[in-house]
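Subject: Structure handover

Hi,

Here is the structure I promised to pass on. Please open it first; my notes follow below.

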Amino acid sequence: MNAMATPCARASPAAGALRSGRAVRGALRPMAVAVPRKRLASPPSSAATASAVTATEQAVAEVAIANGVHILTAETYHGFLEKHAEKLVVTDFYAVWCGPCKMIAPEIERLANEMDAGQVVFAKMDCGATNESKKLAMALNIKALPTFHLYRNSKQVDSMTGAKIKALTDLISKHL
């Protein structure tokens, strides 16, 4: 009897491993499980839509300014572009852990204070602050930091990647 058990274990190593208590990677396969969908909410009423518009306007009005540079979030980003559509908007996409972003930040602030605020507006957005900002950065195709986007009439007119202040000033003067 013992002689017959040995060939079976050799023929099927997974069976022997399961008998001995060891797990085999291929032995357990993942399977899909159906989960019931949540009920869809009813469409928002006109009062809810009006309050959402008011909240968006308030968020745009509450954009913080630090050393001449507007600090944007994913919620205030599009409203800010619409509000400053007649000007050239230079947006710095950065992260707090990014060394080159830290190096160019004082230069951006200097440019923001030196240039005419009636023609050009500087803004920055932390791409890693929230999940919404990460999603927005991915939607805007930001793959390296710092990345600068230039907007006019809420449309992107140019972009640049890297902490090169001379290239950025040349790019800005090109679009003024």
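In what order do the six strands of the open sheet lie? The order is 1-2-4-3-5-6, and the pairing is mixed. Please keep in mind that this is a predicted model.

Overall make-up

The protein has seven helices and six strands. Along the sequence they follow the pattern α-α-α-β-β-α-β-α-β-α-β-β-α. Of the 176 residues, 32% count as buried. The protein exposes about 11,900 Å². Carbon and sulfur atoms supply 58% of that area. Take the contacts between residues at least 6 apart in sequence: 63% of them join residues at least 24 apart.

Strand 1 (64-66) and strand 6 (155-161) stand at the edges. Each has a single partner strand, so one side of each is left without a neighbour in the sheet. On average, neighbouring strands are turned by 30 degrees against each other, direction ignored.

The pairings in detail:

- Strand 1 and strand 2 (residues 69-72) run antiparallel and are joined by three bridges. Ile 65 stands opposite His 70 of strand 2.
- Strand 3 and strand 4 run parallel, with seven bridges between them. Val 89 has Val 121 in strand 4 as its bridge partner.
- Strand 3 and strand 5 run antiparallel, joined by five bridges. Here Thr 91 has His 149 in strand 5 as its bridge partner.

Strand 3

Helix 5 (residues 99-114) lies across strand 2, strand 3 (88-94), strand 4 (120-126) and strand 5 (147-152). Helix 5 runs at about 155 degrees to strand 4. Together, strand 3, helix 5 and strand 4 make a right-handed β-α-β unit.

Helix 7 (residues 165-175) lies across strand 3, strand 4, strand 5 and strand 6. Its angle to strand 6 is about 160 degrees.

Aromatic rings

How many aromatic pairs does the structure hold? There are two. A pair of aromatic rings is described by the distance of the centres and the angle of the planes.

The rings of Tyr 77 and Phe 93 have their centres 6.0 Å apart and their planes at 50 degrees, so this pair is tilted. Tyr 77 lies in helix 4 (residues 77-83) and Phe 93 in strand 3, so the pair ties together parts that are 16 residues apart in sequence. Tyr 77 and Phe 93 are both buried.

The rings of Tyr 77 and Tyr 151 have their centres 6.1 Å apart. Their planes stand at 80 degrees; planes over 60 degrees apart count as edge-to-face, so this pair is edge-to-face. Tyr 151 lies in strand 5 and Tyr 77 in helix 4, so the pair ties together parts that are 74 residues apart in sequence. Tyr 151 is buried, as is Tyr 77.

Taken together, Tyr 77, Phe 93 and Tyr 151 form one aromatic cluster.

Best wishes

Notes. Residues numbered from 1 in each chain as written. Predicted model: local features only at pLDDT ≥ 70, side-chain atom pairs only at ≥ 80, totals over all residues. Heavy atoms only, no water. Pairing = 2+ DSSP bridges. Helix = DSSP H or I, 4+ residues; strand = E, 2+ residues; numbered from the N terminus. Axes fitted to C-alpha atoms, helices over the stretch in contact; angles between N-to-C directions. Contact = heavy atoms within 4.5 Å. Right-handed = clockwise from strand over helix to strand, strands pointing away. Buried < 20%, exposed > 50% of the residue type's maximum accessible area, 1.4 Å probe, protein only. Areas by Shrake-Rupley, 256 points an atom, 1.4 Å probe, with all protein chains shown as cover. Phe/Tyr/Trp six-rings, centres within 6.5 Å; stacked < 30°, edge-to-face > 60°.
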